[in-house]
Amino acid sequence: MTTIRREVLTLPAAPLGPDNPLPPLRPLDEAHRIDDRDRAGLPRDMARQVDYEPLRSLLPVHVRDGYDRERAPRGLDALVIENDRLRATVLPGLGGRIASLHHKPTDRELLYVNPVLQPANFALNGAWFSGGIEWNIGATGHTTLSCSPVHAARVRAPDGGEMLRLWEWERLRDLPFQVDLWLPDGSDFLYVGARIRNPHERPVPTYWWSNTAVPEDRRVLAPADEAWHFGYERRLRQVPVPEYDGVDRTYPLNSTYAADYFYEVPDGRRRWIAALDADGHGLVQTSTDLLRGRKLFVWGTGPGGRRWQEWLTEPGTGGYCEIQAGLVRTQLEHVKLEAESEVSWLEAYGPLDAAPDGDWPTVLRRAEDRLEAALPRADVDAAYDAWRPYADTGPGERLATGSGWGALEVLRAGWKLPGTPFDEDTLGEEQRPWLHLLRAGSLPGPEHHEPPGGTLVARPWRDMLETTAATPLAEYHLGVAQWHGDDRAQAVRSWERGLKSAADRWPLLRCLAVADQQDGHHERAADRYTEAFDDLCARRTDAAAEGDAGWAAVTAALGREAIGALLAAGRTADARTVWERLDPATRARGRFRLTEGELLAAEGRTEEARAVFDDGFEVADLREGADSIGLLWARLDDAPLPARYDFRMWPDGE
């Protein structure tokens, strides 16, 4: 009989730390953009979906960059669902990630299991970690829920047993979703029923990719003879499968550089992807036809790819690749979800034994035959049909609690969402001021000059901000919402109005400084950043200065932005003044050691800047595809970039 139980998974983990309290006003630094040269040759539906409302802002989500690389044993709440054949370990506090999928008869782990929890800057909002199966919803990239809790509960399964339901409110697109996991008795396959709902009276763009990490010493099979290749040079082109440029790319270790291969699975062909070791053992994922896309991601064997592999885990523990499944051909596209509609599908994950070597058509035919014998395509469709009536079943025992944002939206709009209750008792401190705005029409201010919390930017909340009392705090939040709505001039006017009577001026000054930067007014931006940092330092109490995490986070974030703006304006002395006012603990962090190197280089103190590299530093939140370390090194030394700092993921000259 299938069982669901709680466990604690203990492993070396780096703490997440506080979120960045500054609203993310700048455009996304998104690697998944298509070079204009490649747009003309795209299929019509792909071109339309590539251009359909790509994400331009992280608002209302905050950036998660407070983590470090100091790992210590930590217990993680886990939920284990198992039958006599499979055991799946789920982490509800970390996006509902499936951390392990163990096949009991063969005693084989089917996934790549990361032995550590090390956040890195790969999610849309920063913190992400590698390994397992993750559920990516929202927009191109790893979900903002990668390191956030989701709701979880027991639910009755179609076979009369138990399902594990995961659900949350995705804030970038304001959409609720659910993932139902169950194991029929005697089944070698984990079934996953997924649903995204649009309760709004307007269409909303959506996105989904299920990402599965598997050991990279595999051959990856998918029923396709062509793929769309996308690398960090941002070129999208169609290539043959399996061999491209004289190399069989279905073996991840045959690629030198990191790349995506989006397989062109023909219409009518069964949707599946598998990763098999040299002995023919491994994992297969299959689904109902709605989940159209299949993808292989490889890190490559180049120095940058290997460095990233080490960075995400412990050196010597083995690398991984990802096999993925999504709603469309590529991760560059978004799907229109019509008003008051939903989209749902079923996936299945389990073991597959098939010979991986040989000519491509023969290998695919053998694997497909073995898959059909183990799990007929008709059975997947039947399982989906059986699950659909249970998707609305109310959950039983609550096993984990996610955020209160869904509860707030349900209270605002009065939506009925059977199967995924967003109960009022999940509302927390983050939602408190917005609940007051909803019920009383006013926005309460933070206590003791604390930094303002996050801003809700959807149109209904913006309308409420426009009609509430025009306090400095309300003007601040209104400006952020207007900025998100691309009403930049109005946003600036709101911030300027708020500034006239604000006791705490730094939040408004910082927003105005970002607006100046975006408009090319770098000198004025530098002035406003200087004034904002001065005001922030004046507002910090003695208690806050002695280690309050929130104040430390906002001082570090504002100081880092101010130094960057001042260096861009050529005001190195002012940048040095800001640097000296940062806490010693902040200055010792790897990100700020890099900032110190940039400051020293700007001051002409080349040898001291070079010494920063010699002393060693680690930028915990180094962004995927970023080259800031290499650019600084090139200013200081003609020698090759040392391997410990080489995170480059593309060929030289690209």
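Q: Why is strand β26 called largely enclosed by the rest of the structure?
A: In this predicted model, 10 of the 13 residues of β26 (residues 341-353) are buried. Buried means under 20% relative accessible area. The strand is therefore largely enclosed by the rest of the structure.

Q: What makes β12 and β26 a pair?
A: Pairing needs at least two bridges. Strand β12 (residues 190-198) and β26 have nine, in the antiparallel sense, so they count as paired. Among the partners, V192 bridges to E347 and Y191 to A348.

Q: How do you know that β22 pairs with β26?
A: Seven bridges join β22 (residues 281-287) to β26, and the strands run antiparallel. At least two are required, so the pair qualifies. L283 stands opposite P351 of β26.

Q: Why are β15 and β27 placed at the edges of the sheet?
A: The open sheet has nine strands, in the order β15-β21-β22-β26-β12-β11-β10-β9-β27, with antiparallel pairing. β15 (219-221) and β27 (398-400) each have a single partner strand, so one side of each lacks a neighbour in the sheet. From one strand to the next, the twist averages 20°.

Q: What makes helix α3 a helix that packs on the sheet?
A: Helix α3 (residues 360-374) touches β15, β21 (272-276), β22 and β26. Contact means heavy atoms within 4.5 Å. The direction of α3 makes about 70° with that of β15.

Q: Which strands does helix α4 touch?
A: Helix α4 (residues 377-387) packs on the sheet against β10, β11 (175-182), β12, β22 and β26. The direction of α4 makes about 135° with that of β26.

Methods. Residues are numbered from 1 along each chain as its sequence is written. This is a predicted model: local features need pLDDT of at least 70, side-chain atom pairs count only at pLDDT 80 or more; totals for chains, interfaces and linings use all residues. Side-chain values use heavy atoms; hydrogens and water are left out. Buried means under 20% relative accessible area, exposed over 50%, partly exposed in between (1.4 Å probe, protein chains only). Helices (H or I, at least four residues) and strands (E, at least two) are DSSP runs, numbered from the N terminus. Axes are lines fitted to C-alpha atoms, for helices over the stretch in contact, and angles run from 0 to 180 degrees between N-to-C directions.
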